[in-house]
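Biologist: Good morning. Could we go through this structure together, one part at a time?

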Amino acid sequence: MITKAKIEDLNSLFNLECKVFKDDSFALSKNSFRYHILKNRIFKIELENKIAGYILWLERKKYFRLYSLAIDTNFQGLGLASKLLDYSFTNLEKNEFSLEVKISNKNAIKLYEKFGFKIKMVLENYYENEDGYLMIKNRA
């Protein structure tokens, strides 16, 4: 089941973040989650009565920016990221979307391309010791 995250989900979301992005300097803090739950769009997907993943969108004037997407390692490979993306495009009202992704993250790039994102440009040194891609999707 996919729903909008609530403040009661704060600890579960943060624990998921720590598990999935344990060595990543870009991992969100608990305070960041609190802020984004109140100000932005976080959709969560639950399986077996626990949060199995989330997607965080930042709303801009003309588009939404995919800021973070995480699936619990115990639930990866079940298509949950695709379900979150599909749900997002059904429930977000703007026609343009963007994201940044590490150029080494081939699985994520393939997933985003499946949903119509196209590589717009290389972002040099965007991540620690790695370039990224800016990817854009326009709803047709």
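This is a predicted model: local features need pLDDT of at least 70, side-chain atom pairs count only at pLDDT 80 or more; totals for chains, interfaces and linings use all residues.

Biologist: Let us turn to S2, then. How many of its residues are buried?

Modeller: In S2, 5 of the 7 residues are buried, and the strand is thus described as mostly covered.

Biologist: In which sense does S2 pair with S1, parallel or antiparallel?

Modeller: S1 (residues 2–4) and S2 pair in the antiparallel sense, over 3 bridges. Within this pairing, Ile2 stands opposite Ile45 in S2.

Biologist: How many bridges are there between S2 and S3?

Modeller: There are 7 bridges between S2 and S3, and this pairing is antiparallel. One of the partners is Ile51 in S3, which is bridged to Glu46.

Biologist: How many residues lie between the strands in that hairpin?

Modeller: The hairpin of S2 and S3 has 2 residues between the strands. Glu48 is located in the loop between S2 (41–47) and S3, and Asn49 is found in that loop too.

Biologist: What is phi for Glu48 and for Asn49?

Modeller: Phi of Glu48 is near 50°, and phi of Asn49 is near 60°. Both values are positive, in residues other than glycine. As background, most residues other than glycine have a negative phi.

Biologist: Are Glu48 and Asn49 buried or exposed?

Modeller: Glu48 counts as exposed, because its relative accessibility is 69% and the cut-off for exposed is over 50%. Asn49 is exposed as well, with a relative accessible area of 80%.

Biologist: A change of topic: how many aromatic pairs does a search of the whole structure find?

Modeller: The search finds 10 aromatic pairs. One of them joins Trp57 and Phe97, whose rings are edge-to-face, 5.6 Å centre to centre and with 65° between the planes.

Biologist: Where do Trp57 and Phe97 lie?

Modeller: Trp57 lies in strand S3 (residues 50–59) and Phe97 in strand S5 (residues 96–102), so the pair ties together parts that are 40 residues apart in sequence. Trp57 counts as buried, at 0% relative accessibility. Phe97 is also buried, at 1%.

Biologist: What about Tyr112 and Phe117?

Modeller: Tyr112 and Phe117 form an edge-to-face pair, 5.9 Å centre to centre, with 65° between the planes. Tyr112 is buried, with a relative accessible area of 8%. Phe117 is buried too, at 2% relative accessibility.

Biologist: Which residues form the aromatic cluster?

Modeller: One cluster is formed by Trp57, Phe64, Phe89, Phe97, Tyr112, Phe115 and Phe117.

Biologist: And what sits over the ring of Phe89?

Modeller: The charged end of Lys137 sits there, 4.7 Å from the centre of the Phe89 ring.

Terms used: Residues are numbered from 1 along each chain as its sequence is written. Side-chain values use heavy atoms; hydrogens and water are left out. Rings of Phe, Tyr and Trp (its six-membered ring) pair if their centres lie within 6.5 Å; planes under 30 degrees apart count as stacked, over 60 as edge-to-face and the rest as tilted. Helices (H or I, at least four residues) and strands (E, at least two) are DSSP runs, numbered from the N terminus. Buried means under 20% relative accessible area, exposed over 50%, partly exposed in between (1.4 Å probe, protein chains only). A charge sits over a ring if NZ of Lys or CZ of Arg is within 6 Å of the ring centre and within 35 degrees of the ring normal. Two strands pair if DSSP finds at least two bridges between them.
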